[in-house]
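Please go through the structure shown here with this briefing at hand. The notes are grouped by topic.

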Amino acid sequence: MTTTSDWPQETVVREVRPAPDRYRNALGKYRIDRSAACASCGRCVEVCSYGVHVKPAGYAFTLRPQDQRCIGPECAERPESCIAQCPQHALTMRRNPSSECMGDPRWSSDLILSNWRQAATGHAAPPHLESRQGASGGGFDSMRFKFEVPSLEEPVAAPTTADIDTSLDLNHRDDGRPQAHIDIPVYGGGMSFGSVSIHTILAKARAAVAWNSFTCTGEGGYPDRLKPYDDHVITQVATGLFGVREDTIQRVRIVEFKYAQGAKPGLGGHLLGDKNTPAVARMREAVAGNALFSPFPFHSVYSVEDHKKHLDWIKEVNPTCLVSVKVSTPTDVDMVAVGSYYAGAHIIHLDGSYGGTGAAPDIAKKNIAMPIEFAIPKVHKFLVAEGIREKITLIASGGIRTVFDVLKAIALGADGVVIGTAEMVALGCVRCACCESGRGCPRGIASTDPELIQQMSVEWATQRLINMHNAWREQMVEVLARLGMSSIRELRGRTDVLCYLSDEPAAEVA
Amino acid sequence: MPDRYHIHTVPTPPRFRRIGKFGNIDWREDCSRCTNCVKLRCLYDVYRHEAAYNRDPAAPLDTWDECKACLSCVQGCTKGLLSVSVNPEFLDLGDEYWKPDILLTTWNQSDTGKIPVSGAGYRGRFHGPGFDSIWTDMSEIVRPTRDGIHGREYISTSVDIGPKPLRLRFTPDGRMLTPPSRLLEIQLPAILDMPSWQVEGGDLGKARAAAAQELKTLAVMPAAEATPEAHIVPLLGRDDIAQSHEILKAVRMVQIEDGPEVLELAGKALDVNPQVILSVRLPLGPAAAGRILDLAGERIKVFHLCTDLHGRERLANGRPGRHIKDALREVHGRLVKEGIRDEVTLIVAGGIALAEHMAKAIICGADLVAVDTALLVALGCRVCRHARGTGASCDSCPAEIGSADGEYAAQRIVNLMGAWHSQLIEVLGAMGIREVRRLRGEVGRAMFLEDIEKEAFGDLCRVSRQRVSA
């Protein structure tokens with residue numbers, strides 16, 4: 001690896017360790033209620049193999065049920081369940097109303113809970129939680145691998161998963177610049193200092209070190225505490241140019257231009273005044289308490305020639321870095337991608353319209369530009385037709401929630417993906433959508449409030465992210481093995497392994 | 001240069017406590033009265049405000065006080081006593097089109113007049129019927145700049161209503177033969193229409209008129225309620241013309257329901273005020289394009305196309321038909337083909353519930369939209385079954401809309417339209433379009449589900465959804 005940093009670089013061990021929920025009461029999909037009739041006989045402790053009921057030695061009473069471990073009706077309806085076996089009939093089970101408050105059609109409650117479970121354990125979530133797709137009724141949620149559909153493909157014995165490669169090279173230009181190699185086809189999206197807490201930023205960077213991947217600064221500047229991780233940081237140059245200096249461009253291996261963001265295409269960044277604390281304002285060289293808008297578009301770019309000048313500028317300032325171009329998904333996104341290639345970009349990063357954000361007008365999140373599912377095949381096919389597909393890395397983001405979304409995005413034609421919200425969820429986000437105003441995230445993830453950010457330690461957050469990536473990689477390898485592939489790179493553009501769900505049974509074409 | 005169009009919004013809080021999305025419920029007993037109570041640490045102070053409200057229902061309300069379901073209390077309570085649940089009363093609001101979330105965002109916009117902004121990404125379904133299967137385009141580089149669109153770079157939202165000649169004709173000696181065009185320019189591509197159902201009492205008609213005046217747009221009123229003012233569009237019946245000479249002379253546009261008498265009534269209206277713009281109100285449906293072609297030949301150039309509460313065609317058999325998205329594109333396309341699209345003005349009404357519906361209806365071919373039900377929602381209407389089912393008066397309206405003060409109601413409407421206007425500018429700005437007139441029929445700057453789905457997933461094998469959900 002070619003390091004450009006002048007700072008001693010830290011290492012982080014890639015090791016799965018339990019990182020349970022940081023709140024006192026973990027949330028489960030189901031809820032077990034124990035009535036006053038309980039005689040603390042301990043029968044439930046004996047029959048439950050999932051650890052829901054606990055009665056430590058020497059305790060007279062059974063502890064409050066650990067209902068996050070309960071797998072629900074599948075077990076409760078069996079005669080050997082705790083409910084059936086309780087001599088006092090003191091136990092009842094139901095869906096947990098609180099966990100039903102979490103999430104939405106895109107990020108269903110199950111997806112959040114299963115992400116938490118993966119981040120806690122480092123392995124796949126149990127089957128009672130739907131961990132593959134949400135309930136949005138379209139896009140990735142209407143797509144399956146053929147092997148997931150009963151009787152569509154004959155099951156084959158799972159081949160060995162030992163030597164399956166999930167790594168990716170990001171430089172395909174053959175232009176003499178160094179290679180950037182990542183061990184998983186996933187890296188972290190730009191989240192600025194200001195939109196998220198310094199603990200969140202550091203945890204993302206440390207997890208990127210552990211997984212030999214990258215994280216991105218967003219456009220809030222480059223905090224000093226990020227310097228020990230320079231080799232795994234992408235400096236974002238966005239339209240506000242907040243915190244962009246020669247030094248921050250020179251110390252990293254990849255520089256990303258953010259032309260547009262999927263959640264607010266054509267609108268530029270937006271940090272509401274409440275979150276612009278003195279520390280954030282100092283970093284951005286702005287006045288604390290003022291809302292900060294990044295202008296849109298780059299005032300210096302009005303043509304593809306200007307775009308090339310932009311890229312040349314960065315390449316001149318840092319002769320060893322790779323350049324990524326992050327764009328949104330308009331109707332002509334394929335042309336934009338080709339233009340970026342000819343302007344000299346190493347990575348074209350498409351950010352679909354359903355992606356995450358710290359703050360965006362609701363009208364923009366839903367209505368402007370196309371979801372990433374449509375953009376990937378459009379761009380991939382066009383790059384292939386232009387004969388330049390092998391010379392550029394295509395990265396997709398904006399609504400990649402699960403490892404199955406990652407795999408589907410790659411099968412549609414992307415080389416790899418960028419994730420954002422999935423990492424926030426791993427840190428305990430419930431998607432209450434209150435990141436933007438007041439003191440920011442009530443759970444201390446997307447907040448700059450000095451008190452709120454203390455809810456989460458960097459060590460715990462790092463471990464959660466390392467665990468989530470491990471769980472994802474394990475599942476990725478399983479799927480690749482199931483598809484008979486030995487590398488994630490073989491999956492790119494293989495739409496033949498996918499199928500699309502139709503509402504009309506008559507439309508079925510195998 | 002004339003003054004830029006600007007809508008003056010003023011925070012106008014709701015009169016009643018609204019139905020919240022989430023409810024906090026104490027579930028398990030056994031509170032230990034610990035000193036670390038999560039209720040005191042709630043970031044939004046929900047518990048304290050709840051207690052204050054219980055003591056005094058007239059306590060001031062702020063949407064900030066509502067529970068956001070961050071679940072910090074549920075997960076943090078020492079003994080795990082607390083639960084939060086989705087309020088079933090919230091889920092029961094509205095109907096399948098006027099969804100609870102639409103009502104909530106409309107109320108919020110009417111409170112503040114501001115664009116709804118939130119964190120996290122899009123939360124809804126991937127796509128839906130009607131307008132929810134359209135995405136608008138954006139431009140990566142060339143456009144008015146975002147830092148400019150609410151300031152120094154002006155995006156025009158004004159539209160013209162009235163007969164537009166396609167070309168001017170002159171005599172050999174240079175005198176213009178074409179009569180001067182009588183165009184009515186309004187500053188917002190939306191007029192305020194009569195609600196689908198009558199709300200008894202109060203000053204709602206006056207509020208709508210006052211809001212239209214403030215917004216520099218028009219308000220459609222039944223002739224009996226109309227006043228002789230330029231921003232009023234009276235809906236005239238046979239008997240009204242004789243009795244409404246004063247009004248007819250003052251207004252700039254009138255509406256007439258389509259029917260066998262329409263040309264006769266139009267002639268009578270022109271007799272009273274030859275300058276008045278005639279518009280005909282007719283249902284959007286398979287026959288609409290043909291009827292527009294007929295009437296356009298008879299000097300009527302403005303058409304108010306009505307759909308039902310959900311933006312669907314009203315078919316002759318009384319059943320709902322296609323959505324505006326499909327029906328209007330057909331009408332627009334037919335008029336383009338016949339070469340008269342630029343001569344006529346199309347106003348589409350019904351089912352315009354959100355700011356994006358305004359932009360998308362214009363993309364589908366409307367010159368402007370008419371807002372109706374959303375104006376009631378701005379005042380707190382819940383589109384409850386009582387109102388929807390019968391179309392009758394709302395005697396037992398839980399939001400007591402009928403008792404709203406006229407000035408208050410007008411400001412809520414102005415706020416809502418102000419928020420919509422800002423959102424329209426955001427959409428236009430993202431597309432790089434500097435005036436809304438250019439958006440009309442611009443399907444090339446929109447993506448329709450059926451097209452992009454076919455382009456992106458056309459080569460994927462298709463299987464029935466039932467096979468995986470079984």
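The points below treat the domains, the contact between the chains, and selected helices, strands and loops. The model is predicted, and each of its two chains discussed here is divided into domains, with chain A split into domain 1 (30-95) and domain 2 (168-500) and chain B into domain 1 (22-86) and domain 2 (146-453).

**Domain placement**

- In chain A, the C-alpha centres of domain 1 and domain 2 are 44 Å apart.
- In chain B, the C-alpha centres of domain 1 and domain 2 lie 45 Å from each other.

**Contact between chains A and B**

- Chain A brings 89 residues to the contact and chain B brings 65 residues.
- On the side of chain A that touches chain B, at least two residues each come from helix 4 (97-101), strand 14 (360-361), helix 11 (362-367), helix 12 (372-386) and strand 17 (498-502) of chain A, and helix 11 of chain A gives the most, with six residues.
- Sorted by class, this side of chain A holds 50 nonpolar, 21 polar and 18 charged residues.

**The eight-stranded sheet of chain A**

- Chain A contains an open sheet of eight strands, paired in parallel, whose order is 6-16-15-13-12-9-8-7.
- Strand 6 (186-188) and strand 7 (215-216) of chain A stand at the edges of this sheet, and because each has a single partner strand, one side of each is left without a neighbour in the sheet.
- Within the sheet, strand 12 of chain A and strand 13 (residues 347-351) of chain A run parallel and are joined by four bridges, and A:Val327 has A:Leu350 as its bridge partner in strand 13 of chain A.

**Helix 9 of chain A**

- Helix 9 (residues 304-317) of chain A has 14 residues and reaches 20 Å from its first C-alpha to its last, which is close to the 20 Å expected at 1.5 Å a residue.
- A:His307, A:His310 and A:Ile314 are buried in helix 9 of chain A, and, seen down the helix axis, the buried residues fall within an arc of 55 degrees, so they line one face of the helix.
- An α-helix has 3.6 residues a turn, so residues three or four places apart point the same way.
- The exposed residues A:Glu305 and A:Glu316 are carried by the face of helix 9 of chain A that is turned away from its buried side.
- The cover over the buried residues of helix 9 of chain A includes strand 8 (233-238), helix 7 (246-250), strand 9 (254-258), strand 12 (322-327) and helix 10 (333-343) of chain A.

- Strand 11 (residues 277-283) of chain B pairs with strand 12 of chain B in the parallel sense over five bridges, and B:Arg281 has B:His304 as its bridge partner in strand 12 of chain B.
- B:Gly297 is found in the loop between helix 11 (288-296) and strand 12 of chain B, and B:Gly297 counts as exposed because it has 9 C-beta neighbours inside 10 Å, where the cut-off for exposed is 12 or fewer.
- The C-alpha atoms of B:Gly297 and B:Ala410 are separated by 38 Å, and the two residues are 113 residues apart along the chain.

Technical notes:
Residues are numbered from 1 along each chain as its sequence is written. Chains are lettered from A and ligands numbered from 1 in the order in which they are written. This is a predicted model: local features need pLDDT of at least 70, side-chain atom pairs count only at pLDDT 80 or more; totals for chains, interfaces and linings use all residues. The expected span of a helix is 1.5 Å times one less than its number of residues. A residue is buried if 20 or more other C-beta atoms lie within 10 Å of its own, exposed if 12 or fewer, and partly exposed in between; C-beta atoms are placed from the backbone. The arc is that of the directions from the helix axis to the C-beta atoms. Two residues are in contact if their C-beta atoms, placed from the backbone, lie within 7 Å. Ala, Val, Leu, Ile, Met, Phe, Trp, Tyr, Cys and Pro count as nonpolar, Asp, Glu, Lys and Arg as charged, and the others, Gly among them, as polar. Domain bounds come from an automatic or database domain assignment. Two strands pair if DSSP finds at least two bridges between them.
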